[in-house]
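This report is for a reader meeting the structure for the first time. Please look at the sequence and the model before reading on.

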Amino acid sequence: EDCTLLKPILPTQDGEDPLKGMPPNRPRSHQLETESQAAFRALIEPLWVFRPQTPDYGIDGEVEIFESSGNTTGQKFLVQLKGTDNNDNSPAIPLKRTTAEYFASQKLPVLVVLFQAQTKKVFGRWFHSFDSYGHKPDSETLSFCFAVSDELDKGDLEVLSNDVAAFSAAFSPLLPLPLKYTVDISALKLK
């Protein structure tokens, strides 16, 4: 066998260790990724199951929804996790247009989750509720904003479950067509 042995790293000409002061480093972005996943898991588990996707290319994982009895509902959604050290009252994340198009192409709803490390707050917003109208059509990056009302806690699990059920029903091949609907404009002030 042809094996190449690693050569030892020798001291420099002045006798100094070339690796001195350069220990392996874990970037803050990796730490935030771990913290955001832990915070999200703490929010949904043990009732629901988070399945991380590795390697991830825009989707960090999938969540399967279970009833409190432990029975599966068959409902799932995808999750994109982001972490930040900023603690803005109106947090936002930059989102590449190509990533937005990727999210829009998914058959399952995508929950975009932002974890604020300093405040330990978790925000979540469905990607399909995102309106890119205010962005320039040729911009490569979009601003995905969260409102104060997007902060999540364990009490929001039922709302998320209902949202997933509604999304699934709207895109079900069993949905009877044509759809009939009414629009109530009685509350609008018309001139």
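The model is predicted, so local features need pLDDT of at least 70 and side-chain atom pairs count only at pLDDT 80 or more, while totals for chains, interfaces and linings use all residues. Residues are numbered from 1 along each chain as its sequence is written, and side-chain values use heavy atoms, with hydrogens and water left out.

**Helix α1**

Helices and strands are DSSP runs (H or I of at least four residues for helices, E of at least two for strands), numbered from the N terminus. Helix α1 takes in residues 28-44, which is 17 residues. From first C-alpha to last, α1 reaches 24 Å, close to the 24 Å expected at 1.5 Å a residue; the expected span is 1.5 Å times one less than the number of residues.

Buried means under 20% relative accessible area, exposed over 50%, and partly exposed in between (1.4 Å probe, protein chains only). In α1 the buried residues are L32, S36, A39, F40, L43 and I44. Seen down the helix axis, they fall within an arc of 125°, so they line one face of α1. The arc is that of the directions from the helix axis to the C-beta atoms. An α-helix has 3.6 residues a turn, so residues three or four places apart point the same way. The cover over the buried residues of α1 includes β1 (49-52), β2 (61-66), β3 (72-84), β5 (110-116), β6 (121-126) and α3 (157-170).

**V49 in strand β1**

V49 belongs to strand β1 and is partly exposed, at 28% relative accessible area. Beyond its neighbours within four places in sequence, V49 is in contact (heavy atoms within 4.5 Å) with I44, E62, V63, E64 and F66. V63 is 14 residues from V49 in sequence, yet their C-alpha atoms are 5.5 Å apart.

**Backbone features**

Most residues other than glycine have a negative phi, and most peptide bonds are trans. The bond joining E45 and P46 is cis, with omega about 15°, and P46 sits in the loop between α1 and β1. Another cis bond runs from T54 to P55, with omega near -10°; P55 is in the loop between β1 and β2. K120 is not a glycine but has a positive phi of about 65°. K120 is placed in the loop between β5 and β6 and is exposed, at 57%.

**Salt bridges**

A salt bridge is a side-chain nitrogen of Lys or Arg within 4 Å of a carboxyl oxygen of Asp or Glu. By this rule there are six salt bridges, and the table gives some of them.

| Pair | N to O distance |
|---|---|
| R28 and E35 | 2.8 Å |
| R51 and E62 | 3.5 Å |
| K76 and E62 | 4.0 Å |

The K76 and E62 pair ties together parts 14 residues apart in sequence, so it links strand β3, where K76 lies, to strand β2, which holds E62. Salt bridges that share partners join R51, E62, E64 and K76 into one network.

**A surface patch**

Y181, V183, I185 and L188 make a nonpolar surface patch of about 480 Å². V183 is in the segment after α3 and is exposed, at 65%.

Terms used. Patch = residues over 30% accessible without salt bridge, like charges linked within 9 Å, V, L, I, M, F, W, Y side chains within 5 Å. Areas by Shrake-Rupley, 256 points an atom, 1.4 Å probe, with all protein chains shown as cover.
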